[in-house]
Amino acid sequence: MNKKGPCDVPQTKRYWLMKSEPTSFSIDDLMQAPSQTTCWDGVRNYQARNFMRDMAVGDQILFYHSNADPPAVMGIAEIVTTAYVDPTQFDKKDSHYDPKSKPAQPRWEMVDIKYVRKFSRPLSLDQLRKEPTLKGMVLLRKGSRLSVQPVSPLEWKYILSLAR
C-alpha cells in the first residue's frame, strides 16, 4: 500500500531497522505470536517515535537482535498498522510508564508488525561493518543507539543479497 503525500503523489515503500533484545522479544517470539503479529511498544525516544510515525502499512523491517552475542540482523518483518497511541505510557504498573504523558496529550506511539521470514543465518554487526556498501548505514554510525531507524533502498537490497 502506498502512502499519499501532500500532492497525492504515491510514495514508494520504505525500509526500517528495529532493534530488540532477544531476551525481551526475539524474532522467534514474533514467529510464535498469534498470527505472527505483535505491537511494537515501549519506544521512549522522540526520534525513534517520529520514525514510527512515518511508517506506512507494507513498509519492510530488518529485525535486529541488540545486546546479543553477536548483535545481528535476524530477518524481516512488515508494518501492518500505522502509528497509534501506546497505552503502556499510562499504566503505572508497566515498565514503560511515563508520568509526564497524559491521555489527552499522549507522547508515545507504537505500530504493529508481522513476521515475514527469518534469515538462514544471522548477519552480525561485525559482518555488516566490513561491507563498504553499508558504510553510511545509520546502524553502523558511531554512537548510533536508536531502536528504530531508516534503511535506504540500496542498503536493504544489499543486506538481502548477503542473507541469500
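## Starting with strand pairing

Two strands count as paired if DSSP finds at least two bridges between them. With that in hand, we can walk through this predicted model, beginning with strand β3, which covers residues 60-65.

Strand β1, residues 15-20, pairs with β3 in the parallel sense over 6 bridges. Within β3, the residue that W16 stands opposite is I61.

## From β3 to β4

β3 also pairs with β4: 6 bridges join the two strands, which run antiparallel. I61 has A77 as its bridge partner in β4, while the partner of Q60 in β4 is E78.

## On to β6

The next step leads from β4 to strand β6, residues 109-124. Here 7 bridges join the strands, and they run antiparallel. For an example, take I79, whose bridge partner in β6 is I113.

## How enclosed are these strands?

Of its 6 residues, 6 are buried, so β3 is largely enclosed by the rest of the structure. Both of its faces are covered: Q60, L62 and Y64 are buried on one side, and I61, F63 and H65 are buried on the other.

Strand β4, residues 72-79, has 7 of its 8 residues buried, so this strand is also largely enclosed by the rest of the structure. Buried here means under 20% relative accessible area.

## The nonpolar cores

The largest nonpolar core has 21 residues, and those touching the most other members are M18, W40, M52, M55, V111, I113 and V148. Two or more residues come from each of β1, α1 (27-32), α2 (46-54), β3, β4 and β6. The element that gives the most is β4, with 4 residues.

Terms used:
Residues numbered from 1 in each chain as written. Predicted model: local features only at pLDDT ≥ 70, side-chain atom pairs only at ≥ 80, totals over all residues. Heavy atoms only, no water. Buried < 20%, exposed > 50% of the residue type's maximum accessible area, 1.4 Å probe, protein only. Core = buried A, V, L, I, M, F, W, Y, C linked by side-chain atoms within 4.5 Å.
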